[in-house]
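Please read them with the structure open.

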Amino acid sequence: MARSSLPSLLFRQMLILALIAGACTVRSPAVGIGLLAMLVLVPERGSRASFFRRLLKLMAMFLLGFALVHQCQPDVPDKPSWAAVPRQALLVEGEVESVTGLPGGRVRLLLGRVRQAEIPHDLDLEHAGKLGKALRPPRSASSESGVKSYAGGMFFDNAADLPGLVALTLDARQTARHGRPFAGQNIQAVVRLFPSGGSRNAMENGAGAYWAAREVWHHARLVRQKGEALHLRFSKGDGLIYSLCEKREGWRSNMQSLLSEAKDDSRPSTFVSPVSREQSKEAASWTQGKAMLVALLFGDRSGLSLHTVDLFTRAGLVHSLALSGQHLALAAMFGLLSVALLSLARPELFQLRPKRMLIAWAGLPFAFIYLFLGGAPFSLVRAAFMMLAGAVFLSLRRPSAPLDALFAAVLLLFVVWPLAVFDLSVQLSVCAVTGIMLSLPLISFVNSRIPVRFDEPWYHRWLKKTLRWLAALLIVSVAAQTAVLPLLTSVFGAVSPCFWLNVFWLPLLTFITLPLSALGLALLMMFGSQAVSALLFEAAAWPADLILFVLECLDAEGWLPFIQCFRPAPLSSLGYGAVLAALALLAQCRLCRHAVSASVKRLLCFGVFFLLAGQVPQWMDDVQAHVEKRVTLSLIDVGAGQAALIEYPGGRVLIDGGGNNSPFFDSGKSIVAPLLTERRLPRLDAVIVSHCDVDHARGLRWILDHFSVKALCWSPVSAHRADSGEGKALRGLACRHKIPERILRQGETLELGNGLRVEVLAPNVASDAVPSEKELSSNDGSLALRLSYEGQGLALLCGDMLSSALGRLAGSGQDLRAEVLVLPHHGAASSFQKKFYDMVSPRAALASTAPFSHFGFPSRKVRAEMDERGIPLLSTSELGTVRVRWRLEDGRYRLKHPLGHP
């Protein structure tokens, strides 16, 4: 049998991969070194001299990539003294660098050259007085925040600009009142500045790294009075960028106005935005399908509701809302149309230049126009670079591999911005395109199985071509989803199995929605508002509204599941990619009846090895934990809330899940679930609800809905009030997934095995000295839980119990001793109780707090008391997720890591 003629990676492509491997080594050494090892050992070695020459070149590119990215790592700049005081209201001015529309009517601004401003002289006396009062420094003004603070230094210069960029998010009410801003404008506002960052948990990429790569060192929040911004105004800028962005914003605004005017009462509106009644009436005249047109052409998703984005995410269609190469096919279509029209005038054109080259070059101007309209996201820039590379390769008339355009785009993007290798959108885009290219042989095989002959009737040919096209679309969708699977699981820990819906939606999007909406926008730009554009927009919105209607029906039947899975290590993700590539090559060998080369076998072996090697550290840690009978308490960094995880040999128990009132962020989905699935399956022995306040219970909704949970436990007070609020939501999820409920009463225990148990110390609603279930507040009705081993108290958690309830607990005569105390109510002064501290006598105190919170948790009073007692106080706002561990020695658990945290 003949040796396979499958094209392997060309050496020039391997050099680019070595460059990327070196770049990855800066943040993930295992991935970078593993990729380099495959580049060296997988290909055929050849002679010894050629092998060493190839090795030297690969090592040189590897070191070059490492050096470039290491040099480009952002260093936190020093900040001026005027911006060093946390939560200080400041009157600032700056320039709007970029504007991004976010779902739910929000707009995120990136501001540059931010500096202090003087109170404008044109304000009335009342407004100026309010500004002056708000700008007074707080009594306790200090640059020492005592939390996850700005890492840079400080210099004293009240006239200096703030380094880097500042992110500011406006909601729909503010844009409706002050107008929607655009890049190039000047801004003046009263804000509070906070260092950019986020929660710090294990295996988390971190919001801080994301913002640092974009040189966004601060986030700003508007100072408000009665829900309105105290002071916010935009003014005209100057220069070419301002003029271009003003023109772009005018087109976007005209398109949105025309969409709002074109009423269609036959379709119910699903637009959701927190605007006033007047704006709501105007918004009700357009549907989410129309809002999607603005998102597809301008990259502005502010008109999309959170529900729409959630539906598309669970249906595996959310990629179609992010501008990428799929949308750039629109430019290729216009290029094809331009060449067709040009060929009518000059038929001899095709004799001078190949048709494919003409189409590629003709589509480039439209691609750059789309880049401008869409705001140039990285996925769209990558696609434009690929289109440019393809046109160049065709013009050179030199042989090129199918992957050359992709590698050229990656190289160009890396040269422009080396940190792009760590950008998730770039990673997803490149992986998806690679998966699609690996699927091309399978598409060719399917086409060979459905031959189209010219002597067949026209309807037979049409049917076969349709089957070919649908099969190719399904194969491409599966290949793209499969290729990005390790990234999705590694970052989000959740995937959608409904990728098959792409077969129905993508044809409608590519051939109806995008072309018609683009044509309508082109007419709108040339002739202003007119009926033809409105008609085209109506026709383009129908498929979008149709797919939303289908998704609503599927969701109502529970057919849009979102699967929570374990998050693999980065090295395992690399192994997955190698296995996927090897299997694609093996499949092609089988289909073409070629022999399998040794390099393909080595690639498969490397993939399997890396796939398992990434999990080895976790397996070793599990074995060691079992031998030591280790017990770990993790106070998860969920911001202004609380979530605690108890891990013990053979099981895990989650106590609370954090939460907040924001509809835009779910701590259970974005923080708790990824941490719990770090190289582990989504399973819990029990979920315990201390009480049903939002900051403790809302994050549990995602956990109960997507994890395998053996029991839901809560107090009699929470169970009694579970007919409303968070309790009602949790009980509904427990009933839907048939999770047993258990009410924990004082004196009961939750046995964990091997002598470990959780003792229930409160509330004692049966006692006459304690208010009844109806009279107890939610905080005082919190569960007081003591983790113990054979009478030895390990940890005590009391939810949000206040001082009076803690006093009753201290006087109950129960054994409260514990080595670790999770401070009640996040360390608030209202939960200060000396008698309680005496009874517990902890060796360490933990507090779940948010950085720069206006509550000021833990309070100064509690901090002072802990200092006086010599008890170390560990706060999540200072350290991120805090972990404490015990190991069984001589029949007693020893606290080994009182300061343990990742």
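Predicted model: local features only at pLDDT ≥ 70, side-chain atom pairs only at ≥ 80, totals over all residues.

1. Start with strand 6. It gives the most to the lining of the largest cavity, with five residues.

2. How much space lies in the largest cavity? About 60 Å³. By class, its lining has 10 nonpolar residues, one polar and no charged.

3. The count comes to two cavities of 30 Å³ or more. Lining it are Lys629, Tyr648, Pro649, Leu752, Gly753, Asn754, Leu756 and Tyr893. Five of these count as nonpolar, two as polar and one as charged.

4. Now the second largest pocket. About 1000 Å³ of space lies there, and 37 residues line it. Gln618, Asp622, Glu647, Arg652 and Arg680 lie nearest the centre of this pocket.

5. Which element gives the most to the lining of the second largest pocket? Helix 23, with eight residues. Helix 23 spans 616–628. Other elements that each supply at least two residues include helix 24 (667–676), strand 14 (644–648), strand 15 (651–655) and strand 28 (882–889).

6. Check the make-up of that pocket lining too. It has 16 charged, 12 nonpolar and nine polar residues. The lining of the largest cavity, by contrast, has no charged residues.

Definitions and conventions:
Residues numbered from 1 in each chain as written. Heavy atoms only, no water. 1 Å grid on protein atoms, 1.4 Å probe; cavity = no way out; pocket = protein on both sides within 12 Å on 5 of 7 lines; lining within 4 Å. Points joined across faces, edges and corners; volume = space filled by probe spheres on them. Helix = DSSP H or I, 4+ residues; strand = E, 2+ residues; numbered from the N terminus. Nonpolar A, V, L, I, M, F, W, Y, C, P; charged D, E, K, R; others polar.
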